Amino acid sequence: MNLGKTRQINFYNIDNSFYFVDLPGYGYSKMSKQEQEKVGKFTEEYLVKRDTISLIIFLIDIRHKPTENDRLMYSYVMKSNLPFIVLANKSDKIAPTKVESYVEDLKKELGISFSIILPFSSEKKVYTDSVWEKIEEILSNS
């Protein structure tokens, strides 16, 4: 899996129960402005035309203040009226004793008062149990 460099929509079948759909990001990849616009358009088209989305998982880098693109995407997700959680990825890159304060900083920066934001590490699989519990809880209620 080529995490962090997605330039197309990838579908992952999870135990024949549901699909994870990996949409292209906008973060720190080396896409031209033209590529970013193209990717942004088909990502938005996918989100608008799908009526079977059960949960959006919005990934953000815990180590950095949210970028303008992060803020725009968060706003878009909020306006979608779809269930979502925010995963503060790369939590393994900071001291475990500081993770909670970094999460709180992200909440303040994005103006999050009620949305779910969880630390996560895709590389070292840190916090995966709590993330899966929350995903299963949300999916079972939809």
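In which helix is L47 found? L47 sits in helix α1, which covers residues 33-49. Let us start from the whole chain and then come back to this residue and a few others.

## The chain as a whole

This is a predicted model, in which local features need pLDDT of at least 70, side-chain atom pairs count only at pLDDT 80 or more, and totals for chains, interfaces and linings use all residues. Residues are numbered from 1 along each chain as its sequence is written, and side-chain values use heavy atoms, with hydrogens and water left out.

The protein chain holds four helices and five strands. Both kinds of element are DSSP runs numbered from the N terminus, with helices being H or I of at least four residues and strands being E of at least two. Read from the N terminus, the order is β-β-α-β-α-β-α-β-α. The radius of gyration of the protein chain is 15 Å, close to the 14 Å that the globule rule gives for 142 residues, so the chain is as compact as a globular protein of that length. Here the radius is taken over C-alpha atoms, and the rule is 2.2 Å times the number of residues to the power 0.38. Along its principal axes, the C-alpha trace spans about 40 × 35 × 30 Å.

Of the 142 residues, 30% count as buried. Buried means under 20% relative accessible area, exposed means over 50%, and partly exposed lies in between, using a 1.4 Å probe and protein chains only. The accessible surface of the protein chain comes to about 9,700 Å², and carbon and sulfur atoms hold 51% of it. These areas come from the Shrake-Rupley method with a 1.4 Å probe; for residues, only the protein chains shown count as cover.

Contacts (heavy atoms within 4.5 Å) can also be sorted by distance along the sequence. Among those in the protein chain with a separation of 6 or more, 64% are between residues 24 or more positions apart.

As for charge, the protein chain has 20 positive and 20 negative side chains, and the centres of the two sets lie 7 Å apart. Lys and Arg count as positive and Asp and Glu as negative, while His and the chain ends are not counted. Each charge is placed at NZ of Lys, CZ of Arg, CG of Asp or CD of Glu.

Leaving out residues up to four places away in sequence, L47 touches L23, I53, I56 and Y76. E44 lies in helix α1 as well, but E44 counts as partly exposed at 44% relative accessibility.

I9 belongs to the segment before β1 (10-14). With a relative accessible area of 23%, I9 is partly exposed. Beyond its neighbours within four places in sequence, I9 is in contact with V21, D22, L23, P24, F42 and Y46.

| Pair | Apart in sequence | C-alpha to C-alpha |
|---|---|---|
| Y74 and L110 | 36 residues | 7.7 Å |
| L47 and M78 | 31 residues | 13 Å |
| I9 and L139 | 130 residues | 21 Å |
| E44 and I116 | 72 residues | 22 Å |

Y74 is found in helix α2 (residues 68-79) and is buried, with a relative accessible area of 7%. Not counting residues up to four places away in sequence, Y74 touches F58, F84, V86, L110, I112 and S115. The side chains of Y74 and S115 are also joined by a polar contact of 2.9 Å. Such a contact is a pair of N or O atoms within 3.5 Å; within protein, one must be able to donate a hydrogen and the other to accept it, and residues adjacent in sequence count only if both atoms are side-chain atoms.

N89 has its place in strand β4 (residues 84-89) and counts as buried at 12% relative accessibility. Apart from neighbours within four places in sequence, N89 is in contact with I60, D61, I62, F120, S121 and S122.

## Positive phi in two loops

N81 lies in the loop between α2 and β4. Phi of N81 is near 60°, a positive value in a residue other than glycine, and N81 is exposed, with a relative accessible area of 71%.

Y127 lies in the loop between β5 (117-119) and α4 (128-140). Its phi is near 70°, a positive value in a residue other than glycine, and Y127 is partly exposed, with a relative accessible area of 30%.
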